[in-house]
Structure formats: C-alpha cells, structure tokens
Amino acid sequence: MTRTPRILVADDQPDVLEALRILLKAEGFEAATATSPGAVIEMVEHEDFDLVLIDLNYTRDTTSGREGLDLLSRLRDLDPTVPVVVMTAWGSVEGAVEAMRRGARDYVEKPWDNERLLATIRTHVELGRALRRSQLLEGENVRLKGEGVPELIATSKAMRPVLEIIDRVGPSDANVLIVGEHGTGKEVVARWLHAVSHRAKRPLVAVNAGGFSEGVFESELFGHVRGAFTDAKGDRVGCFELADGGTLFLDEIANVRPQQQAKLLRVLETGEIQRVDSSKIRKVDVRVLSATNANLAEAVARGEFREDLLYRLNTVEIRLPPLRDRREDILPLARHFLAKQAARYGRAIEDFTQSARDALMAHTWPGNVRELQHSVERSVLMARGSRIEASDLGLRQREDGSAPMDELTLDEAERLLIEKALERHQGNVSRAAEALGLSRSAMYRRLQRHDIEAG
Ligand SMILES: Nc1ncnc2c1ncn2[C@@H]1O[C@H](COP(=O)(O)OP(=O)(O)OP(=O)(O)O)[C@@H](O)[C@H]1O
Ligand SMILES: [Mg+2]
C-alpha cells in the first residue's frame with residue numbers, strides 16, 4: 001500500500017483553493033492549501049508533498065506572474081525532486097513557457113478543466129515518486145560502495161591462498177596485481193586489501209585505466225591546469241592526487257596504451273606527478289593495486305606491455321580462480337545473494353529447491369560470480385513462492401544434439417554462450433552482455449576475438 005498522495009495548492013483566492021481542495025479530495029488526494037508564496041515555502045520546508053500546484057499571481061493588482069516564478073525558483077532550490085505544476089491565466093503562453101524553463105513540470109490554464117488537471121497531477125505524482133525512489137537507491141548504492149567492504153564469500157579450498165595473501169600483504173604497502181576472469185571478484189579483493197591496510201581511513205580511488213582515449217588518460221590520472229586543453233575550464237585534480245595517503249586501484253591495466261604505460265611507470269618510480277601543463281612537481285604517497293583479466297606475461301612477450309611496468313605492479317600477485325574451479329563456493333554465494341536481493345525487493349524467499357541447487361551446481365558460470373549474482377537476482381524477481389525453482393534461475397538448458405558443455409574447450413564454450421545469448425536477445429549486444437554478466441566493453445572485445453558479427 002502506498003500512502004495517499006499529498007498535494008499542496010497555492011492561490012490567493014480562497015474560492016479557487018476551496019474548489020481545488022474538494023476536487024482533489026474526491027479523487028483520493030490529500031490537499032493542503034496556502035495563500036502566499038511565503039506560506040508555500042514554509043510548508044514545503046516542514047512537510048513532504050508529492051506535488052505542488054501553484055498560481056503565478058498572488059497580489060490582487062498584479063498579473064505579471066513574477067511572484068509565482070520567484071516562488072517556483074525557490075521551490076526548485078529547496079527540493080528539486082518535488083514536482084511543481086503551475087496555473088496560468090488563460091492565453092498567457094509566455095508565463096507558461098517561462099515557468100517550464102524554471103523547472104515546472106507542467107502547466108494548466110485557468111479556468112481549468114477538471115479531467116485534464118487531475119490527469120496532469122496523477123502523472124507527475126507518479127513520476128515524482130519514481131524519481132525519488134531511484135535517487136534514494138542511487139544514494140544507497142554510492143554509500144555502500146564508498147563505505148565499508150563488500151562481503152567476500154570464500155569457503156572453497158581454491159580460495160584459501162587468496163585469503164592468506166590478503167591477510168599477509170594486505171596491511172603492507174606492497175603493490176598488488178589481481179588477475180582473474182571477468183566477474184571473479186577482483187574489485188572485491190582490491191577493496192579488502194585497502195580495508196585491512198593502514199591506509200583504510202584514507203581514500204580508495206578506483207579508475208578504469210584502460211578506458212581512456214589519448215590525452216584524457218594523463219589528465220584523469222595526473223590532473224591538469226586550466227587551459228591545458230581548449231575545454232579544460234578549471235584545474236583538475238587527478239586520481240593520484242586524490243588517492244594521496246591512500247590507495248589507487250587501476251582496473252583493466254592491460255588496456256593501457258604503451259605511451260601511457262611509460263608515463264605511469266615514471267610516476268610509480270619517482271612518486272612524483274605533474275599535472276598536465278603545469279611545471280609544479282607534486283609528491284604523492286600512493287599504494288597501487290591493479291587488476292586485469294588478461295595474461296600480462298603474454299602481453300609482455302608480444303611487446304604490448306612493458307615488462308618494467310609489470311614488475312612495478314606485481315610485487316605480489318593474486319590469482320582469482322574462476323567460479324567453475326571453486327564449486328564449493330557456488331551455494332554459499334547463491335544464498336548470500338538470495339538473502340540480499342530478497343531483502344532489497346521485500347520478498348519473503350528463504351531458499352532454493354533441490355532442483356534449483358542442482359542447476360546452480362551444474363552450470364559452468366562463464367561470467368563467474370557476477371553471472372551468479374545476476375541469475376539469483378533475476379530468480380528473486382521471478383519466484384512465485386517462498387523457494388526458488390530451477391526455472392526461475394533462467395539458466396540455459398542444454399539443447400539436444402549440441403555438445404555437452406564439459407566436452408568443449410573454454411574458448412568454444414565462450415563462443416557458444418555468446419552466440420546463444422545474442423540469439424536470445426535478438427542481437428542486442430547490451431542485453432546479451434548483461435545476461436552473460438559481462439560489461440559492454442568486455443562483450444565487444446569477445447565479439448572481436450571470436451569474430452562474431454552482432455547487431
Ligand atoms: N567472493 C565473493 N563474495 C561475495 N560477492 C562477490 C565475491 N566475488 C565477487 N562478488 C560480487 O560479484 C560481482 C563481481 O565482482 P567484481 O566486480 O569484484 O568482479 P571483477 O573481477 O572486478 O569483474 P570484472 O573483470 O568484470 O571487472 C560484484 O557484485 C561482487 O560484489
Ligand atoms: Mg572489476
């Protein structure tokens with residue numbers, strides 16, 4: 001049950017207010033009224049409304065709409081999420097246009113048409129609520145990411161060395177390279193390494209080091225000063241400076257271009273950075289963690305990655321095994337995600353059926369923990385009862401005649417899964433990537449590697 005929507009109506013004419021109040025009440029809204037801009041602000045400061053409906057003129061002898069427009073601006077400052085609808089005199093188009101420009105969601109002309117007014121109000125109450133909900137969720141996500149450490153479920157034997165290294169080198173200043181397939185938990189491990197270090201109270205700055213085009217890389221990592229590029233409006237602090245005293249997490253390190261590798265190496269050797277276009281040298285104290293799903297030794301052999309940089313980064317190396325090599329973790333992880341998602345969606349789901357557990361265990365999880373997480377999340381939304389059925393998991397059944405998964409090479413299996421996912425999603429790469437637990441860029445790299453045409 002959602003609570004009755006509350007509407008605040010403002011007009012200086014008592015008969016208008018009374019008519020609107022009766023209309024809204026009859027339609028199941030709760031209506032509060034105000035007769036001046038000051039009263040509106042006062043009320044919005046102290047109470048929550050789902051929508052504010054305001055007239056543009058408040059003093060008998062004015063028709064300029066100034067008061068209403070000023071009120072609108074103040075409302076936007078006070079609470080940008082509350083939808084404001086304005087009432088304008090019939091035929092005063094400029095007033096309506098100006099109001100929309102200042103952030104009104106809609107306008108109705110006076111004298112109003114009851115049905116149109118109610119429809120407008122209903123729409124904006126709904127949209128406003130959806131907007132607030134999504135902002136709330138985002139806020140929570142940001143905080144969850146920023147604060148604390150994500151859970152690290154690792155009961156399998158294969159994960160023991162990982163936990164040991166975290167214990168042993170976590171607290172040190174050693175640079176750590178984390179390698180593993182997509183979705184194996186590299187970022188989770190990076191956050192743990194930071195959290196158990198003496199730098200834990202200082203920032204952990206994460207950056208997708210492989211995602212920048214020429215030129216942007218330097219400014220992202222080292223910062224720049226005003227005018228360094230035509231569109232560099234002000235000074236910019238780079239990731240190294242932001243992470244000073246803390247930890248810098250360089251994700252997708254294998255994708256850093258050779259020229260940029262040289263610059264990175266220099267900074268790691270000297271601990272000194274220069275913002276782009278600045279002669280000032282700044283000392284930074286940063287521990288560097290990096291991650292990749294590529295084989296850097298091979299990249300070095302091919303001449304694509306500098307060996308000296310690799311040795312700066314991998315003082316210690318952590319290898320995260322793919323999920324299929326730590327099957328004992330599958331059910332504990334699945335239960336963990338189930339509890340989290342059930343709480344998030346307010347669903348009373350306690351467990352998996354035996355056949356769902358079997359399906360989880362039988363799957364090869366090419367997208368690793370992330371794929372498992374997505375699959376459980378989807379199943380929580382799909383489940384009808386208090387337990388998750390195998391069919392809720394949406395794991396692809398093997399089709400007759402196709403080679404069983406465990407007889408394929410890894411590459412063949414990957415190719416097959418990608419083709420199937422594309423088929424299921426009518427060639428939509430984003431959706432297929434999501435279904436596989438891959439980022440879009442990871443998907444595109446694979447499409448290229450397997451020479452698959454999409455779209
Ligand atoms: N051991 C684990 N316990 C609990 N959750 C985990 C574990 N490993 C991974 N996850 C969760 O799985 C998801 C993927 O993990 P993460 O982002 O760390 O993977 P990744 O190796 O960095 O993937 P990519 O290579 O695609 O960037 C995250 O939501 C993470 O919280
Ligand atoms: Mg990652």
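This is a predicted model: local features need pLDDT of at least 70, side-chain atom pairs count only at pLDDT 80 or more; totals for chains, interfaces and linings use all residues.
Residues are numbered from 1 along each chain as its sequence is written, chains are lettered from A and ligands numbered from 1 in the order in which they are written, and side-chain values use heavy atoms, with hydrogens and water left out.

**Exercise 1.** Describe the shell around ligand 1.

Step 1. Take the residues with a heavy atom within 4 Å of the ligand. The shell holds 16 residues, and the closest are Ile153, His182, Lys186, Arg370 and Gln373.

Step 2. Sort the shell by residue class: six are nonpolar, five polar and five charged. Here Ala, Val, Leu, Ile, Met, Phe, Trp, Tyr, Cys and Pro are nonpolar, Asp, Glu, Lys and Arg charged, and the others, Gly among them, polar.

Step 3. Assign helices, which are DSSP runs of H or I with at least four residues, while strands are E runs of at least two, numbered from the N terminus. At least two shell residues come from each of α7 (186-195), α13 (330-345) and α15 (368-382).

**Exercise 2.** Which backbone atoms lie close to N or O atoms of ligand 1?

Step 1. Search for polar contacts (pairs of N or O atoms within 3.5 Å; within protein, one must be able to donate a hydrogen and the other to accept it, and residues adjacent in sequence count only if both atoms are side-chain atoms).

Step 2. For oxygen, a polar backbone atom of Glu187 is 3.0 Å from an oxygen atom of the ligand, and a backbone N or O atom of Val188 lies 3.1 Å from an oxygen atom of the ligand.

Step 3. Of the 630 Å² of accessible area (Shrake-Rupley, 1.4 Å probe) that ligand 1 has on its own, the protein covers 88%.

**Exercise 3.** Is Gln261 buried or exposed, and what does Gln261 touch?

Step 1. Gln261 sits in helix α10 (residues 258-270).

Step 2. Gln261 is buried because its relative accessibility is 1%; buried means under 20%, exposed over 50%, partly exposed in between (1.4 Å probe, protein chains only).

Step 3. With contact meaning heavy atoms within 4.5 Å, and residues up to four places away in sequence not counted, Gln261 touches Val256, Glu304, Phe305, Arg306 and Leu309.

Step 4. A polar side-chain atom of Gln261 lies 2.9 Å from the backbone nitrogen of Arg306.
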